[in-house]
Amino acid sequence: MSKVFLLSTNVTTEPYPVYPLGMAVIAGALVEAGHQIVQFDFLAEGQSTQALVEALRNFAPDVVCLSLRNIDNVDSFAQETAWYLAQAKELAEILRRNTPAPIVVGGSAFTVMPQAILDYLGLDYGIVGEGERLVCGIVESLVAGHEVPRLSDGQLRPLSAEQMGAPLYEQRLVDFYQAESGQINIQTKRGCPHQCVYCTYPGLEGNQFRPQDPSAVVDEIARAQRDFGIDSFFFTDSVFNDAQGHYLQFAEELARRDLGIRWTGFFRPQGIGREELRLMKSSGLYALELGTDAASDTTLNGLRKGFSFADVLAVNAACVAEEIPAAHYLMFGGPDESYASVREGLQNVERIANNVVFAFSGIRILPGTELHGRAIREQVIEAERELLMPAYYFSPQIEVEKMNDLILETFKQRREWIFPPSEGQKRLTVMRRFGFRGLLWDTLVSYKKGRRTLKKAQDAN
Ligand code: B12
Ligand code: SF4
């Protein structure tokens, strides 16, 4: 048995603090393999470096595992870009000064640019992709003094559903995130088979859906509810609704068990009708976050979304009919955007009845995506441009400021249309100050019957 100290470096509170699920899954696998662990969440510990040093010294680990979730806040409009790697580097240096143990890094941010981040952080070892199985072998090799490659690739052999690890929640952390954001996260499947040109998710999780056994995930949820008092969940699947319909089997099982939980997640706005929504609602679905991404067929095609704006409107209408709030996330300025498509998109926004729309300007260019190649070809960025610092794609057919002005002009008309993203964040901050928790955007949508009420922090516990 070895001693492994896990550190989650993520301190982002936008749009709200999220439970360090990656660290929890790694922790669960290590404990299952017989190791002793400490999970240290820098955010929940008040970002105290002193507490970190004390915890590290008291535990005297054989190996340290660092979980890296975000690189930046992917918001081109923010006054100041939030770039999280500098702080991760400071934390890595603190670890170095306070323990001789080797340090292994992993996580979604790390997987987006593994070599560059490993070098920037100056750490010993990195695991790309899903890490729960590889990390156990690497910890054992390191403790035994065996040679370990600097970078190991968990994506070479994607895990089967049975091999995927369950999170090891901790009450202290659950209490913190329930109080801060009113929800805890869990995953029901990995991967995405779609090929949207800007997206890293298939690269992170694989380009096939790998659903877990519905009853196993529902057991996990029941355990989380019973042992930790969690009753509001975010399913972190890249896309919850898969064309094969595994999501419906999952919802059926969840509804059958009648746990009385509520949940939300990311959806693709295609092929979700009233029947599907009714089933999901009966299992606790209370809101949908829709990856609508663009508001005209031209730009939907430019992003290779594989659905049309008519599909978006059909899903929106079904949500309205079933009285389930939905938020559409849009990005203006992407491939093939022109003033004509911006105007068409803004007119289309007006057709999204009774729901929330968040707009972003530009698309963060990430390596390994088709958008990166296109940005180079169109001379939006130089081929040798380092992508650790944010770079955004804007269609060469538009001037950014002029486009932003057009979006602002339309979006200021309604409070449920939110642009720029910092505007939404400001409102969330105010609501949180008054004790409200949860997604919060869903409170902008009202229906005549069946009103939901806002949940105060104290009620969430
Ligand atoms: C769901 C999700 C959200 C939801 C989260 C809701 C919730 N309550 O949890 C919402 C919409 C709120 C959200 C917000 C944001 N997100 Co987000 N999100 C995701 C998503 C789809 C899944 C994350 C997840 O939980 N996965 C499940 C867990 C189990 O997987 P995991 O953490 O990756 O862990 C595995 C491996 O990475 C690895 N691993 C993890 N840690 C470690 C540690 C070691 C030592 C090892 C060896 C391995 C290892 O093993 C784990 C198990 O296999 C990812 C994309 C993706 N498909 O991964 C983006 C992603 C993480 N998000 C991203 C970003 C940028 C953000 C925001 C900053 C955007 C914004 N400005 O709003 C915020 C930040 C929120 C915050 N407070 O941190 C980026 C981060 C990288 C980057 N580009 O910076 C990602 C990767 C998407 C992308 N654009 O590429 N997000
Ligand atoms: S944007 Fe959504 S649907 Fe498209 S590839 Fe990414 S996760 Fe899949």
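In this predicted model, the shell around ligand 1 comprises 20 nonpolar, 17 polar and seven charged residues. The shell is made up of 44 residues, and the closest to the ligand are Gly-22, Ile-71, Gly-106, Glu-130 and Gly-131. Five elements each supply at least two residues of this shell: the helices α1 (21-32), α4 and α8 (201-205), and the strands β3 (63-67) and β4 (103-106). Of these, α1 gives the most, with five residues. Ligand 1 lies between domain 1 (3-153) and domain 2 (171-460), because both domains give residues to its shell.

The chain itself is divided into these two domains, domain 1 covering 3-153 and domain 2 covering 171-460. Their C-alpha centres are 27 Å apart. In the contact between them, domain 1 takes part with 25 residues and domain 2 with 26 residues. On the side of domain 1 that touches domain 2, the elements giving two or more residues are α4 (108-112) and α5 (114-121). The most come from α4, which gives three residues. This side of domain 1 has 16 nonpolar, five polar and four charged residues.

The residues around ligand 2 are Cys-192, His-194, Cys-196, Cys-199, Tyr-201, Pro-202, Ser-238, Val-239, Arg-268 and Gly-291. By class, six are nonpolar, three are polar and one is charged.

An open sheet of seven strands is present, with parallel pairing and the order β7-β10-β11-β12-β13-β14-β17. Its edge strands, each pairing on one side only, are β7 (184-186) and β17 (417-418). Strand β7 runs parallel to β10 (residues 232-235), and three bridges join the two. Ile-186 has Phe-235 in β10 as its bridge partner. Helix α16 (residues 400-411) lies across β13, β14 (356-361) and β17, and runs at about 165 degrees to β14.

Glu-322 is located in the loop between α13 (309-321) and β13 (326-332). This residue counts as buried because 20 other C-beta atoms lie within 10 Å. Leaving out residues up to four places away in sequence, Glu-322 touches Arg-274, Leu-277, Arg-278 and Lys-281. Glu-322 and Arg-274 are 48 residues apart along the chain, yet their C-alpha atoms are separated by 6.5 Å.

Some backbone angles in the model stand out. Most residues other than glycine have a negative phi, and most peptide bonds are trans. The peptide bond from Glu-14 to Pro-15, however, is cis, with omega near -5 degrees. Pro-15 is in the loop between β1 (3-8) and α1. A cis peptide bond also joins Phe-419 and Pro-420, with omega about -5 degrees. Pro-420 is in the loop between β17 and α17 (421-433).

Positive phi values occur at Val-74, where phi is near 45 degrees, and at Asp-336, where phi is about 70 degrees. Neither residue is a glycine. Val-74 lies in the loop between β3 and α3 (85-98), and is partly exposed, since 18 other C-beta atoms are within 10 Å. Asp-336 lies in the loop between β13 and α14 (339-349), and is likewise partly exposed, since 15 other C-beta atoms are within 10 Å.

Note on methods:
Residues numbered from 1 in each chain as written. Chains lettered and ligands numbered in written order. Predicted model: local features only at pLDDT ≥ 70, side-chain atom pairs only at ≥ 80, totals over all residues. Domains from an automatic or database assignment. Contact = placed C-beta atoms within 7 Å. Helix = DSSP H or I, 4+ residues; strand = E, 2+ residues; numbered from the N terminus. Nonpolar A, V, L, I, M, F, W, Y, C, P; charged D, E, K, R; others polar. Near = placed C-beta within 6 Å. Buried ≥ 20, exposed ≤ 12 C-beta atoms within 10 Å, placed from the backbone. Pairing = 2+ DSSP bridges. Axes fitted to C-alpha atoms, helices over the stretch in contact; angles between N-to-C directions.
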